[in-house]
Amino acid sequence: MEHKKIGSLFIVLGLSSLLIGLFFGSIGGLQYLLPAFLKEQLAFQKTRPLHVYLVINFIFSTAAGCIYYFLPAATGRKLYSVKLGIGQFSLQLFILLIIVSFFFAGKFSGREYLEFPPWISLIILSSWIIFMINFFKSIPLSFNHAPVYLWSWSTGLIFYFITMTEAHLWLLPYFNNNIVRDLTVQWKALGSMVGAWNMLVYGTSMFVMESISGDKTINKSKTAFFFYFLGLTNLMFNWGHHTYIVPSSHIVKDVSFIISMTELLILGKIIYNFRKSYIEAKLKYHHLPFRLLSFADGWIFLNLVLAIIISVPAINLYTHGTHITVAHAMGATIGINTMLLLGSVFFILDEMNESMMERFKKYFGFAIVLLNISLTIFWASLIGSGIAKSIDLQQKNFFAVIMDQLKPYFAIFMGSGILVMIALFLILIPIFKTFIHYISAGKN
Ligand code: HEM
């Protein structure tokens, strides 16, 4: 089995995670409206971590799959070890199964976003070390003249390892005995971890853009490297906006506020430039990856506006802990990460089964539009409920009154959330079948 099949295995793992994760997200959405729904069997305390873990696993596994798939074409060298790739895949599948079982059993002994028992992180880190060995042994020794995506992937790999380790410092008394230190380190680690997965996802999109346009200069340009270093600065320093409520250093918060504002803008500019050159040059018609990149572009701008607003400390004071934060998280992970990853997956599908892509073009086009319309309503309903809640809190209303007033927003959230799920199912099921067919076919 060669690198494309290993990449496909990871992509299938990622897509399966998303399909199941969406199911739990929708149950969670229903529980906003009907808190008693499945309370005994599958309470919100379980559906939330199941949903969040599975969708984040989708991002990591699909990005890893795209890296395995593209790496030899990106470097002109063979993958270092197929066996290591299979070993990593087996470990990740095992990790997925034990984490989901632990969550179902209600065993949550970790921290937010990493609620599984901390010893499982040792297995996660081991699988990541295998990935790093395979990646770094597959790329040229010298980074001179390397395209920006090789830098992005390398950075994402290294920083995920660092931040995942850092996210477990709370196990040491020096950190968990001091609440300010503990919260600061926790948010620093998790904030930078998002930066690490962004590096993996953005690097993949950069490679796809280069392949679609055939222009090898875009990933060696000064703008691309300027953006990369800005992304790196964000990864290292923008986490401070998560700690506005923690009584820690003001300099950290001010620096991070300024830095937070920069990254998405530049990425938006790069994709915008790519679209312009694509339209001007009327290059080969890879319609669907292009369409997904364009939608991601739109979401980058919407999320940038929201991020600017909620990173203003005076506003953050009111929005913190409301659904506006959830809108920020899901707007970015669905609107940007998912659109970009689906763009890369469609690019692979084009190569794998062009006739299927041709036959399904209208169908996919419809599902992508449905996804974006429902996502806009979904996102707006979360912001609406966040604004309504912060007004209610200012007026010091009783909890029951607040919940009653939020019901219409929750109903819209749930309805549009189910549409987001349906649109993603429509997109994912034919993709899933094509990948399974490719993996099980004898040819490499
Ligand atoms: C690609 C699809 C999706 C991704 C990547 C995604 C991602 C996320 C993330 C990262 C969070 C954590 C937010 C936070 O901590 O602030 C979250 C929470 C949540 N998501 Fe999703 N989501 C997706 C689809 C959906 C859908 C279709 C629904 C259906 C209604 C949904 C319902 C929820 C709920 C109820 C929460 C918990 C929010 C809370 O803590 O109050 N998600 N999602």
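F60 lies in helix α2 (residues 44–75). Helices here are DSSP runs of H or I with at least four residues, numbered from the N terminus. F60 is buried, because 23 other C-beta atoms lie within 10 Å. A residue counts as buried with 20 or more other C-beta atoms within 10 Å of its own, as exposed with 12 or fewer, and as partly exposed in between; the C-beta atoms are placed from the backbone. F60 and V194 stand 134 residues apart along the chain, and their C-alpha atoms are separated by 10 Å.

The model is predicted: local features need pLDDT of at least 70, side-chain atom pairs count only at pLDDT 80 or more, and totals for chains, interfaces and linings use all residues. Residue numbers start from 1 along each chain as its sequence is written.

H323 belongs to helix α13, which spans residues 323–352. H323 is buried, with 24 C-beta neighbours inside 10 Å. Apart from neighbours within four places in sequence, H323 is in contact with L382, S385, G386 and K389. Contact between two residues means that their C-beta atoms, placed from the backbone, lie within 7 Å. A224 is 99 residues from H323 along the chain, and 34 Å separates their C-alpha atoms.

The ligand has 21 residues around it, and G25, G28, G29, A329 and G417 come nearest. A residue is near a molecule if its C-beta atom, placed from the backbone, lies within 6 Å of it. At least two residues of this shell come from each of α1, α2, α13 and α16 (399–440). The most come from α13, which gives seven. By type, the shell holds 11 nonpolar residues, nine polar and one charged. Here Ala, Val, Leu, Ile, Met, Phe, Trp, Tyr, Cys and Pro count as nonpolar, Asp, Glu, Lys and Arg as charged, and the others, Gly among them, as polar.

Helix packing was examined for two pairs that share α5. Helices α4 and α5 pack at an angle of about 160 degrees, and their axes are 10 Å apart. Axes are lines fitted to C-alpha atoms, for helices over the stretch in contact, and angles run from 0 to 180 degrees between N-to-C directions. The two helices, α4 and α5, are therefore roughly antiparallel. Angles over 145 degrees count as roughly antiparallel, under 35 as roughly parallel, 65 to 115 as roughly perpendicular, and the rest as oblique. From α4, the contact is made by S121, I124, L125, W128, F131, M132 and F135; from α5, by W153, L157, Y160, F161, M164 and T165. These residues comprise 11 nonpolar, two polar and no charged.

The axes of α5 and α8 (222–237) come within 10 Å and cross at roughly 10 degrees. This angle makes α5 roughly parallel to α8. V148, W151, S152, T155 and F159 of α5 meet A224, F225, Y228, L232 and L235 of α8. Eight residues of this contact are nonpolar, two are polar and none is charged.

Most residues other than glycine have a negative phi. L38, not a glycine, has a positive phi of about 55 degrees. L38 is found in the loop between α1 (3–33) and α2. L38 counts as partly exposed, with 14 C-beta neighbours inside 10 Å. Phi of H145 is also positive, near 65 degrees. H145 is found in the loop between α4 (119–138) and α5 (148–166). With 7 C-beta neighbours inside 10 Å, H145 counts as exposed.
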